Amino acid sequence: MSKADKLNVLKSKWKIFVKHEWANANDDDVEHIIRSWKKCLKKCDPYKWIPPVKASGHTWKILEQNNQEFIRVSQRVIEDYYQLNPNKNIAVYLVDVNGWTLYVVGGSSFTDELNFLGFGLRMSWNEDRIGTNAWSVCAETHRFTVLTGAEHFCEALHAYSMSASPVIDPFGEVHGFIVCVEEALIDTYSLSISHACANEIANIIYIERELTNTNKVLCQHNAVIECMDDGFICWDREMNITMINSQAEILLLTNKDQLIGRNIKDEFTFPPLLLKSIEERVKLSQKQIVLECKGKFIELMTTLRPLSDGSFLLFLHPLDKIRKIAWQQLSSNANFTFDSLHAISKNMKYVVMGARRALKTASPILIYGEEGVGKLSLAMAVHNESNYSDGPFISINCQMLSSENMVQELLGSDEGPIPSRFELAHNGTLYLEKIEYLSAELQSALLKVLKTGLVMRSQSQRLIPVKFRLVACSGSSLKDYVQRGAFSRQLFYEISINEIDIPPLHKRKEDLSAMINDALEKYSARVGKKLSISPRASTVLHEYCWPGNISEFKNRMEKILLNCNQVIVQLGDIPAEMRMVPQTKGEDGAKLLSLEEVEIQTIENACKACDWNLSKVATVLKIGRTTLWRKIKTYNLVPKSGEIK
């Protein structure tokens with residue numbers, strides 16, 4: 001059967017359907033067309049042609065903007081296929097997923113003919129207006145579709161053949177459609193252009209998407225490499241360097257462009273441990289080595305990883321950052337300065353003046369003083385006022401170091417490795433508390449470090465340069481230890497160039513006043529109400545001997561303020577053991593109490609003896625109950641149980 005005869009058969013079937021709303025659907029290929037015809041019967045007249053809707057204004061701008069990349073990719077493909085096609089009486093339409101025409105190419109006379117029907121740029125292929133067409137069927141089935149002659153619902157389209165093919169990428173996403181239109185009687189294969197174009201456009205979209213994703217991953221990969229704190233070098237099975245990042249360039253003090261392609265063994269001299277791991281192709285994790293590069297010896301922490309293709313990856317961990325993490329965990333928070341110390345008294349002003357003078361030298365500082373007198377605070381102030389303030393403040397209590405592990409804890413070890421405390425204090429301050437407890441071996445090691453600026457780890461022959469300020473303290477005179485042979489005479493001479501003796505708190509009355517006021521201000525700010533202290537209570541605090549010095553002061557003041565129920569700290573708020581301790585002596589050496597203190601002590605003892613029964617207490621003391629009650633309130637005498645009978 002010729003093509004003309006086939007068109008006539010279709011025409012007859014179409015006429016029967018239009019007249020009787022029925023058609024014989026013998027196969028699946030016709031079924032979807034019949035289904036479309038039935039929908040069109042309710043929406044449009046098959047004999048009356050109404051031009052399709054066209055987008056304009058803001059709607060068209062949004063369509064162009066949303067499909068910008070789809071149009072860019074598709075234009076070149078459509079134009080190439082059209083130029084290669086011998087039939088120029090064909091029009092190719094690029095259509096988006098909603099049926100709007102985004103781009104058109106075709107013969108001028110043929111496209112003019114189609115434009116007369118309203119087919120052109122910005123048109124809608126919706127079948128509600130133009131009836132059954134190749135796009136509407138393809139949009140429903142997502143399959144390559146060809147409609148010829150009377151297969152179109154509207155008679156105005158019976159003179160044409162159409163094909164449509166969806167642009168579906170490998171991930172199943174539909175980006176749009178390619179629609180081809182030609183004369184129905186032309187027996188060519190031009191309509192297959194839509195299928196070929198759609199496949200090529202889908203492939204290009206997939207390739208571009210993969211390239212974009214690859215570039216994104218590559219950019220992230222490069223960013224990670226350049227932002228790494230660790231350096232790394234990669235070389236192939238022939239030992240030629242293939243990759244090196246910027247951090248490795250900095251750590252190795254070299255130019256990476258001059259290393260790429262060079263033999264790794266010609267550029268670096270590896271220690272035996274690393275060479276053995278390379279030869280045996282075994283992993284090496286976080287081993288500290290010394291690497292020689294162009295005559296320079298560089299200390300590094302390294303990790304070696306053999307790769308499956310025969311190449312190697314050597315990670316270089318910067319020791320300065322590892323040490324920084326370690327000293328951040330071990331160092332104390334040095335938050336004192338000379339201004340924050342309570343130095344009102346002449347004695348403390350002399351201490352601060354001596355510390356400032358010591359800062360002008362590079363020599364160690366030795367601090368003396370009783371327990372709790374503020375030696376650590378002064379050491380922190382020295383650190384913060386010195387040129388080492390940006391470095392760590394490493395504090396070590398020599399009395400707390402166990403005799404078995406003392407050497408390894410202070411000097412470190414290459415096993416692990418464990419850096420020495422001298423290394424952790426590099427460019428900072430090392431504070432040795434109770435230095436008199438340092439063992440003889442460590443005294444010798446400390447003396448060597450101070451003289452040479454080099455430290456040797458335990459059971460190691462490697463010399464590591466260090467630079468720090470030493471601040472040591474002792475609760476007793478080191479001279480006595482030296483005379484007994486318990487402390488190195490040479491080390492004593494080395495660390496005692498700048499000696500500072502902090503006087504006990506009871507000899508610093510002016511500082512005590514400032515400390516009391518400071519404690520009141522801080523507590524007032526904390527609880528949100530203004531507190532003050534009565535003269536009698538203040539006198540007791542000033543006359544108390546404070547055997548525990550600043551540590552005791554902080555503890556007792558916190559308890560006094562917490563237990564104070566008024567805005568003024570009264571004499572009765574002071575603990576009895578502080579009020580009753582004799583502060584002065586008579587000419588015969590007997591300790592004396594003030595009249596008020598005697599009265600407080602007498603009333604408190606009587607109350608305890610009478611179980612705080614005020615009637616009995618008043619009888620014993622031979623005073624009125626009202627007078628007794630007034631004195632109890634004045635002195636703020638309260639039983640532990642809180643009950644007064």
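Let me begin with Ala248, a buried residue with a relative accessible area of 0%. The model I am presenting is predicted. Ala248 belongs to helix H9, which covers residues 246–251. Leaving aside residues up to four places away in sequence, Ala248 touches Gly231, Phe232, Ile233 and Leu316. Tyr544 stands 296 residues apart from Ala248 along the chain, and 63 Å separates their C-alpha atoms.

I turn now to the sheet. In what order do the 5 strands of the open sheet stand? The order is E2-E1-E5-E4-E3, with antiparallel pairing. Strand E2 (101–106) and strand E3 (145–148) are the edge strands; each has a single partner strand, so one side of each lacks a neighbour in the sheet. From one strand to the next, the twist averages 15°.

Consider one pair in detail. E3 and strand E4 (residues 160–168) are joined in the antiparallel sense over 4 bridges, and Thr145 is placed opposite Ala164 in E4. Helix H8, residues 193–227, packs on the sheet and touches E1, E4 and E5. The direction of H8 makes about 15° with that of E4. Helix H7 (residues 134–141) lies across strand E1 (90–95), E3, E4 and strand E5 (174–183), and runs at about 30° to E4.

My next subject is helix H20. This helix spans residues 509–527, which is 19 residues, and reaches 27 Å from its first C-alpha to its last, close to the 27 Å expected at 1.5 Å a residue. Which residues of H20 are buried? They are Asp511, Leu512, Met515, Ile516, Ala519, Leu520, Tyr523 and Ser524. The buried residues of H20 pack against several elements, including helix H13 (346–359), helix H21 (535–543) and helix H22 (549–563). After H20 comes Gly528, with a positive phi near 80°.

Finally, I would draw attention to two tryptophans. In general, most residues other than glycine have a negative phi. Trp546, however, has a positive phi, near 50°. Trp546 is located in the loop between H21 and H22. Is Trp546 buried or exposed? With 0% relative accessibility, Trp546 counts as buried. Trp612 also has a positive phi, near 60°. Trp612 is found in the loop between helix H24 (595–609) and helix H25 (614–621). The relative accessible area of Trp612 is 9%, so Trp612 is buried, the cut-off for this class being under 20%.

Conventions: Residues are numbered from 1 along each chain as its sequence is written. This is a predicted model: local features need pLDDT of at least 70, side-chain atom pairs count only at pLDDT 80 or more; totals for chains, interfaces and linings use all residues. Side-chain values use heavy atoms; hydrogens and water are left out. The expected span of a helix is 1.5 Å times one less than its number of residues. Buried means under 20% relative accessible area, exposed over 50%, partly exposed in between (1.4 Å probe, protein chains only). Contact means heavy atoms within 4.5 Å. Two strands pair if DSSP finds at least two bridges between them. Axes are lines fitted to C-alpha atoms, for helices over the stretch in contact, and angles run from 0 to 180 degrees between N-to-C directions.
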